[in-house]
Amino acid sequence: MSELAVATSGLSKRYQGGVLAVDRVDLRVEPGEIYALLGLNGAGKSTTIRMLLGMISPTAGQAELFGERVRAEESGLWRRVGHLVETATAYPELSVRDNLEVARRLEGVTDRSVVGQMIERLSLGADADRRAGTLSLGNLQRLALARALLHQPDLLILDEPANGLDPAGVIEVRELLRALAQDRGVTVFMSSHILAEVDRLATRVGIVHRGRLIEELDSEALERHRDPRLEIGARDPDAAEVALRAAGFAPNRESGDDGAAVLQLRESRAIAAPDEIARLLVAAGAPPTRLAVARETLEDHFIRLTSAADRGAA
Amino acid sequence: MSLLGAAIWTEFLKSQRSKVPWFIAAGFSLAPLVGGLFMVILKYPERARQLGLLGAKAQLTAGTADWPSFMHLLAMTIGAGGFVLFAFLAAWLFGREFADSTVRGLLAIPTPRWAIVVAKMIVLATWAGAIAAWIIVLGLGVGALVGLPGWSTSVALADIGALAVAAAMVIALQTTTAFVAGVGRGYIAPLGWAVLTLAVAQVLGLLGWAAWFPWAVPVLIVGAGGPGSQTPTVASVAVVALTAAIGLVATVLWWQRADQTG
């Protein structure tokens with residue numbers, strides 16, 4: 001596992017009281033990847049991240065970063081790792097600059113100019129001498145990201161990096177992380193529940209649910225798994241459904257945004273030839289008012305997958 | 001700069017920018033100032049009544065206005081009051097990291113966790129030592145200003161020496177408060193711990209076991225244990241040193257080993 005930026009094998013955590021927060025998670029993240037851990041609240045994302053950072057000891061399995069086993073008492077390894085765990089925090093009585101100066105010294109960075117560089121890079125110049133306790137949530141997040149990046153780590157472990165940022169800030173951070181991965185080969189391991197953001201940024205996605213890693217998708221698989229479907233609107237949806245079933249299809253009935261019934265077909269012959277479906281419906285006296293091939297979003301896929309896992313567990 | 005040096009620097013910066021140590025110093029300063037006021041009232045009761053410092057029917061019969069009484073008050077301030085006031089310092093230095101969740105920034109960094117704990121202890125000892133020294137100097141100044149009778153240089157030097165030893169013991173025992181601040185993940189548990197140890201010290205003092213209870217020993221050292229109290233022995237000092245050492249080791253181990261979920 002020595003070539004991998006992040007590797008876990010059978011990583012598990014059972015808290016006192018019996019709650020199994022993380023259950024036999026195996027992760028392998030190559031250097032330069034942007035890996036996103038997706039999951040609902042309480043799925044085990046933060047516990048996994050804390051175990052990767054040596055803040056929580058696993059009850060079974062182990063985690064390695066750059067081939068080195070993560071241990072609580074290990075400190076040399078952290079020269080290569082920047083992190084942001086859960087909500088951004090800072091010393092409220094210290095200014096933005098002082099908070100970064102504290103981080104610079106504790107990270108063992110000798111170059112004093114990095115503090116100014118980080119303030120500029122994270123657009124914190126206007127607030128550099130303000131006390132951190134008076135910062136907005138978004139700027140506090142920027143400060144936390146600046147601290148994570150300060151020592152130019154090879155691996156960034158970020159828990160909800162877009163938390164509290166406004167839309168412009170989200171784009172700015174996304175571009176920053178993408179540039180770090182592309183230009184410097186920095187590995188980004190992040191957790192998020194903002195699926196659209198993950199969809200835009202991640203090169204690989206791991207979906208965790210109830211402590212288990214239930215699916216991993218690389219960029220190709222992400223595309224492949226976005227299950228296409230043919231959506232059909234009709235003035236008489238009942239008649240349309242009957243006609244489709246008579247033709248051997250299995251329409252799924254959903255409500256559209258306007259509340260009107262939408263029939264969905266997932267059969268490949270329907271998706272490949274919507275004109276045939278139109279002809280069929282016209283012939284049956286239930287002409288379509290709308291025909292569209294739609295692709296499943298990551299959000300839809302995530303909900304479908306976690307719901308299926310819940311049904312399987314029930 | 002070494003990583004331990006960096007940790008010490010950052011802890012001093014944080015304490016310097018915070019109001020907490022200054023409030024603790026100000027709170028502590030009230031003791032010799034109020035003590036001085038009582039001495040003035042005891043010395044000049046009629047004048048105090050005229051100035052409205054003493055109610056017409058009030059009587060201040062306890063104590064006499066002289067140096068031994070005043071030094072006894074300073075001894076109680078440091079030997080007993082120090083446990084609560086220095087606990088505020090320990091609670092702030094250690095407990096705030098958990099209460100504000102800033103501890104997350106101290107765990108996965110090149111500076112080892114033991115260095116963070118040791119740096120905090122050094123800053124705690126420096127601040128508490130400075131405050132204790134300030135109380136002694138302020139007390140001597142107030143006593144001189146009031147013009148208390150009964151001064152003896154040799155006795156005063158012995159008293160100051162005992163006060164310094166008691167202050168060192170109270171400060172050393174804050175390692176246990178630091179441990180409780182970690183386990184309790186905040187401010188409340190360490191302050192509760194300080195009150196608890198002080199209460200137990202009182203009870204054990206009455207039962208005649210004070211010389212064996214670390215939190216009661218400083219008061220015995222300064223001779224403020226009251227009439228019939230035990231005399232501290234070498235074993236008493238050893239118990240204090242051992243407890244302080246256990247507190248330090250336990251704090252380091254807890255920071256290194258315990259799951260940090262805050």
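Predicted model: local features only at pLDDT ≥ 70, side-chain atom pairs only at ≥ 80, totals over all residues.
Residues are numbered from 1 along each chain as its sequence is written, with chains lettered from A and ligands numbered from 1 in written order. Local features need pLDDT of at least 70 and side-chain atom pairs count only at pLDDT 80 or more, while totals for chains, interfaces and linings use all residues.

**View 1. Chain A as a whole.** Chain A holds 11 helices and 14 strands (DSSP runs numbered from the N terminus: helices are H or I, at least four residues; strands are E, at least two). Its C-alpha trace spans about 80 × 45 × 35 Å along the principal axes.

**View 2. Helices α5 and α10 of chain B.** α5(B) (residues 113-146) packs on α10(B) (residues 234-257) at about 140°, with the axes 9 Å apart (axes are lines fitted to C-alpha atoms over the stretch in contact; angles run from 0 to 180 degrees between N-to-C directions). That makes the pair oblique (under 35 degrees is roughly parallel, over 145 roughly antiparallel, 65 to 115 roughly perpendicular, the rest oblique). B:Trp114 and B:Met121 are among the α5(B) residues that meet α10(B), where the partners include B:Leu248 and B:Trp255 (contact: C-beta atoms, placed from the backbone, within 7 Å).

**View 3. Helices α7 and α8 of chain B.** The axes of α7(B) (residues 174-183) and α8(B) (residues 188-207) come within 7 Å and cross at roughly 140°. The two helices are therefore oblique to each other. In α7(B), B:Thr177, B:Val180, B:Ala181 and B:Val183 make the contact; in α8(B), B:Ala189, B:Pro190, B:Trp193 and B:Ala194 do.

Note on methods. Contact = placed C-beta atoms within 7 Å.
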